[in-house]
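Biologist: I'm new to this one, so could you walk me through it slowly?
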Amino acid sequence: MDAYQYVVLRCVPRPEREEFLNVGVVLYCPEQKFLAARWTLDEQRLATFAPGLDLSLVRAALESVDLICAGAAHAGFGAGIRATAYGNRALSDNESARFGLLKAPKSTVLQPGPVHGGVTTDAAAELDRIFSHQIA
């Protein structure tokens, strides 16, 4: 059994109201070198929930999550040095760093929920199970 972490992606049209709809899941399993997202955009439900919300921007944000998971976004993400409390360290572009980017709190229309964890023998199947339970 391999440990994994996941976050539920939330569409938060007005962050000051703290109301949201779950729209996707990002799952990271280091032992299986697995980082993937699964999402859906129920346009009718979102339009009812947040009239005037530009759904094309929400879709673009969700599509960028897919690109980040695949390592296809932010080509220069792995370049450079990051200053930390313990000194400098080189940035790396790997599944762990990309999951860190995706799970970081944000004040945008697409936000990650709290990090949850578990164990699995099949990360892809676990992503499908969590998506079915939390989103679909």
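Biologist: Which residues of α3 are buried?
Modeller: Keep in mind that this is a predicted model. In α3, the buried residues are R98, F99 and L102, and because they fall within an arc of 100 degrees when you look down the axis of α3, they line one face of the helix.
Biologist: What covers the buried residues of α3?
Modeller: The cover includes the strands β1 (2–11), β2 (21–29), β3 (34–39) and β6, together with the helix α2.
Biologist: And which residue caps the N-terminal end of α3?
Modeller: That is N94, which has a side-chain oxygen 3.1 Å from the backbone nitrogen of S96.
Biologist: Switching to pockets, how much space lies in the largest pocket?
Modeller: The largest pocket holds about 190 Å³ of space, and of the twelve residues that line it, S64, V65, L102, K106 and L110 are the closest to its centre.
Biologist: Which element gives the most to that lining?
Modeller: It is α2, with four residues, while α2 (55–70), α3 (95–103) and β6 (110–112) each supply at least two residues of the lining.
Biologist: How many of the lining residues are nonpolar, polar or charged?
Modeller: By class, the lining of the largest pocket has eight nonpolar residues, three polar ones and one charged one.
Biologist: Last topic, is E126 buried or exposed?
Modeller: E126, which sits in helix α4 (residues 123–134), is buried, because its relative accessible area is 11% and the cut-off for buried is under 20%.
Biologist: What does E126 touch?
Modeller: Leaving out residues up to four places away in sequence, E126 touches Y4, L27 and T120.

Key: Residues numbered from 1 in each chain as written. Predicted model: local features only at pLDDT ≥ 70, side-chain atom pairs only at ≥ 80, totals over all residues. Heavy atoms only, no water. 1 Å grid on protein atoms, 1.4 Å probe; cavity = no way out; pocket = protein on both sides within 12 Å on 5 of 7 lines; lining within 4 Å. Points joined across faces, edges and corners; volume = space filled by probe spheres on them. Nonpolar A, V, L, I, M, F, W, Y, C, P; charged D, E, K, R; others polar. Buried < 20%, exposed > 50% of the residue type's maximum accessible area, 1.4 Å probe, protein only. Arc of directions from axis to C-beta. Contact = heavy atoms within 4.5 Å. Polar contact = N/O pair within 3.5 Å; in protein donor to acceptor, adjacent residues only side chain to side chain.
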